[in-house]
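Please go through this structure with me in questions and answers.

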Amino acid sequence: MKIVVIGGTGLIGKKVVSSLQQLGHEAIAAAPSNGINAVTGEGLADALAGAHVVVDVTNSPSFEDKAVMAFFEASTRNLIAAEKAASVTHHVALSVVGTERLQNSGYFRAKLAQESLIKASKVPYSIVRATQFYEFMGAIAHTSADGDTVRLSTAHMQPIASDDVAAAIVNAALGAPRNGMVEVAGPERASLSDFVGRHLKAVGDTRTIVAEPQAPYFGTLLNDQSLTPGEHPHLGTIRFDDWLQKQAAKA
């Protein structure tokens, strides 16, 4: 099949494109750097010509409320229009577990708007909702830092390796449209403060972790259901400590 991966040069997109090509499919990495821009519509018609599946793993360069909403609304509308013109038969999108429970955050309001546009489009679709990536633990620490102190919620999370997310996206792209959602999560559940603390320790970051139930997460408060999947999610196989050891070995 010809499969166009929007955001195909990013963290998840590169892995998805590589896996699909190894399986013998024509996987196209679509990104502004390649002249294909979902936000402006540039290059979409040519890229999608003859495509069977479009995979959207893009993310907004800005998390500011208006900017992130504009990004996801424009890119999704342009993709849907181009897919209809090209008779694409499956739209696969990466979203986030707990999106509807985190609507105090402009980012998650934008993700919910993206999901709503996909559902209303009449293009057959599959939405893969993933928990936070292991790779994001450092960024979470950065946004939660106050000098040498990192204040983090005690709410539970169940993060996942990006390799496992990419595998779930590939499986969705090669399967029949669900016209619904599937959740993917890591194999281990613990507090946000625990996961980020283990990451900082592994990379030699000596900042102090302060675990606080009321510590905000990207502007919103959490409980144990906010970042964790519902019943019967698909679980990744890569454990966090194993991933940390692998990253240390690479470094």
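**Contacts, sheet and surface**

Q: Leaving aside its neighbours within four places in sequence, which residues is Arg 239 in contact with?
A: Contact means heavy atoms within 4.5 Å. With neighbours up to four places away in sequence left out, the residues in contact with Arg 239 are Tyr 134, Pro 187 and Glu 188.

Q: Where does Arg 239 lie, and is Arg 239 buried, partly exposed or exposed?
A: The model is predicted: local features need pLDDT of at least 70, side-chain atom pairs count only at pLDDT 80 or more, and totals for chains, interfaces and linings use all residues. Residues are numbered from 1 along each chain as its sequence is written, and side-chain values use heavy atoms, with hydrogens and water left out. Arg 239 lies in the loop between strand S12 (234-235) and helix H8 (240-250); helices (H or I, at least four residues) and strands (E, at least two) are DSSP runs, numbered from the N terminus. Buried means under 20% relative accessible area, exposed over 50%, and partly exposed in between (1.4 Å probe, protein chains only), and because its relative accessible area is 40%, Arg 239 is partly exposed.

Q: Why does Phe 72 count as buried?
A: Phe 72 lies in helix H3 (residues 65-86). Not counting residues up to four places away in sequence, Phe 72 touches residues including Tyr 107, Ala 110 and Gln 114. Phe 72 counts as buried because its relative accessibility is 0%.

Q: How far apart in space are Phe 72 and Ala 113?
A: In sequence, Phe 72 and Ala 113 are 41 residues apart. In space, C-alpha to C-alpha, Phe 72 and Ala 113 are separated by 7.6 Å.

Q: Is Leu 23 buried or exposed?
A: Leu 23 is found in the loop between helix H1 (11-22) and strand S2 (26-30). Because its relative accessible area is 54%, Leu 23 is exposed.
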